Amino acid sequence: MTTTNTLPLTSAAAVQDTPKATAEPRWVKWTLVGTALTFLTLFLILPLMVVLYGAFEAGMQVWWQAVTEPDALAAIRLTLFVLLIVVPLNAVFGVAIAWAIAKFEFRGKTILISIIDMPFAISPVVVGLIFVILLGSQGWFGPWLAEHDLRIIFAVPGIVIVILFGTLPFVARELIPLMQQQGKEEEEASLTLGASGWKTFWYVTLPNIKWGLIYGVVLCNARAMGEFGAVAIVSGRIRGETNTMPLHIEVLYNEYMFTAAFAVSSLLTGLALVTIVVKSWIEWKDERKKTSSTAR
Amino acid sequence: MSIHIEGVNKRFGDFVAVDNVNLDIKTGELTALLGPSGSGKTTLLRIIAGLEHPDSGVIRFNSEDITGQHVSERGVGFVFQHYALFKHMTVFENVAYGLTVKPKKLRPSKAEIAKKVNKLLELVQLDWTADRYPSQLSGGQRQRIALARALAVEPKVLLLDEPFGALDAKVRAELRRWLRRLHDEIHVTSVFVTHDQEEALEVADRIVVMNKGRIEQDGTPEQVYDNPANPFVYEFLGNVNLFHARVKASGETKFTSASDDTAQQADEQDGLAYVRAHEIEVLTSAEPDALPVTLDLITMVGPTARLEVLNQQDGKLVHIELPKEQFKALNLKSGDAAWIKPKYSQVFLGEGI
């Protein structure tokens, strides 16, 4: 009896005294945490503070004026308009291409996977130039477009096209590994249970890729709002017409209107933060739904 | 619903998965497709389900040709090795799925669905898990839910792909007995794939042994075990030993060794004798026709003694299994000499000599 009583005590004490065999020394842990925090502070939090400080330095009223001035409003409207087209299109495209790659075998699959990354690899300025060469008035399809009275370069369609191109990989990149890892058994189970292909996608595939899709959309959204280089080339920077928010900020900055530039910047940053908050909120709600049903 | 497979072929690139298979499965039968991995058994099952399309051949349910029919219209229940439960749905929603995705006209009311799902959950003895998610269940429980889900749509045919393959030994044994009883209750034509001969022997009404895309033998568990059609089936169903043998015209068999160069008599034929490990008698003294051996390794596995002995004539290894008590009574130890005598054997003439 005595041995069984004392044994747990001694072993518990032993566990506390000696560090776990797999644990790193404390200084390693704190050095890593410290490095990460310092880096985040210097390169993420500090610049954010500077933007906010610059925006509100002259007071709320100046900020409000800067973001409600007609050219700024036009830039905000244009940016949101482009988002409304680009994000849904790239979400659909991303799901389609990830589906094709993960669930089917076909020739040229590996080539397709590397092509998807191209927009990331090519400099945005080059992307802009490519489309100017293709679609500009001196470009390959320029005369044809002029004949049919279509303006793409130096107009809104051009902006939509280059942003669409630049943000094309986000959703697909997010979904390909996820769908590959999930395989197709659940879909097959759904089919054997009599569900059509469409119902299977809606009830089985989509819920399974929900988080990847949302994350991809958030990234795509953030990047689409901030895209600068390619847009700068194809938009022609017509004030109040083809200036997106980043272009508008640059114009203001070049005209030494620093407070206004910071004000619009803070708005752009705010929009990006909103998407991230929305994503976290959905995540949190879903988590709560799951835990409440398991508690029953 | 009977299943008829006529001249079915399937290749994946250069690999021949199913090679001109013909098979009829009777209504209400529980059939096992048994074979090593790569024998084409799973592919054949998936072709029956419609998850894979045959390169050529015809599949019929009763007399109806369903080769071109889409999976979702075949009315088959399919159970996957890794359960394939819908992770984001509760157990209840999983089982109800087949009913809720029916077109509006055919869909039962919510109350009817609930009644049916609860009945099925009772049948698989898991009614208390209705509100849980699959991740909160054990492997055995998940597979029972997967079965309930497949049964919810009242399938004409139930297909199970290595249904117990991912489970541990004890749960597996429990579940296969349970499946056998369930089948006796509901009598739906069922086909299950397994590489475990014990599982096939225990559960199935009928065993189809497959190898390299072809059917090697097709019969009741007893027929397949007692009268293997060829060496492959013999070796696949249990631990066997090979002996060189001479068979006289009278049917009398004599074991020899490979190095035996005594002249073959006119009325004798060379062959290979297959003897199962537990069909060998161990003797402590010489007897006519008994082979002298040396005991090499002795392992006790629960109630069984497993011996590895060396044939003194050609040094070949022979596996023997006998009850532990019986072995103890012999009072033998490693290195001792003994004599062995097959109690029962099957000789395949001219095979591989």
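Visitor: How many salt bridges does the rule find across the interface of chain B and chain A?

Guide: The rule finds 2 across that interface. One of them joins the side chains of A:E186 and B:K87.

Visitor: What makes A:E186 and B:K87 a salt bridge?

Guide: The term requires a side-chain nitrogen of Lys or Arg within 4 Å of a carboxyl oxygen of Asp or Glu. Here the N to O distance is 2.6 Å, so the pair qualifies. This is a predicted model, in which local features need pLDDT of at least 70 and side-chain atom pairs pLDDT 80 or more, while totals for chains, interfaces and linings use all residues. Side-chain values use heavy atoms, without hydrogens and water; residues are numbered from 1 along each chain as its sequence is written, and chains are lettered from A and ligands numbered from 1 in the order written.

Visitor: What area is buried between chain B and chain A?

Guide: About 2100 Å², with carbon and sulfur atoms giving 59%. The figure is the accessible area (1.4 Å probe) that two parts lose on being put together, summed over both.

Visitor: Why is B:K41 called buried?

Guide: Buried means under 20% relative accessible area, exposed over 50%, and partly exposed in between (1.4 Å probe, protein chains only). B:K41 has 4%, so the residue counts as buried.

Visitor: What makes B:E162 and B:K41 a salt bridge?

Guide: Their side chains meet at 3.7 Å, N to O. B:E162 lies in the loop between β7 (157–161) and α6 (169–186) of chain B and B:K41 in helix α1, so the pair ties together parts that are 121 residues apart in sequence. B:E162 is buried too, with 9% relative accessibility.

Visitor: What do B:D55 and B:K10 form?

Guide: The side chains of B:D55 and B:K10 meet in a salt bridge, with 4.0 Å from N to O. B:D55 is in the loop between α1 and β4 (56–61) of chain B and B:K10 in strand β1 (residues 3–12), so this pair links parts 45 residues apart in sequence. B:D55 is partly exposed, with 46% relative accessible area, whereas B:K10 is buried, with 10%.

Visitor: How do you know that the length of α4 of chain B agrees with its number of residues?

Guide: The expected span is 1.5 Å times one less than the number of residues. For the 14 residues of α4(B) (residues 110–123) that gives 20 Å, and the end C-alpha atoms are 20 Å apart, which agrees.

Visitor: Which residues of α4(B) are buried, and where do they lie around the helix?

Guide: B:I113, B:V117, B:L120 and B:L121 are buried. An α-helix has 3.6 residues a turn, so residues three or four places apart point the same way. The buried residues pack against α3 (91–100) and α5 (139–152) of chain B, while B:A111, B:K115 and B:K119 are exposed on the other side.

Methods: Helices (H or I, at least four residues) and strands (E, at least two) are DSSP runs, numbered from the N terminus. Contact means heavy atoms within 4.5 Å.
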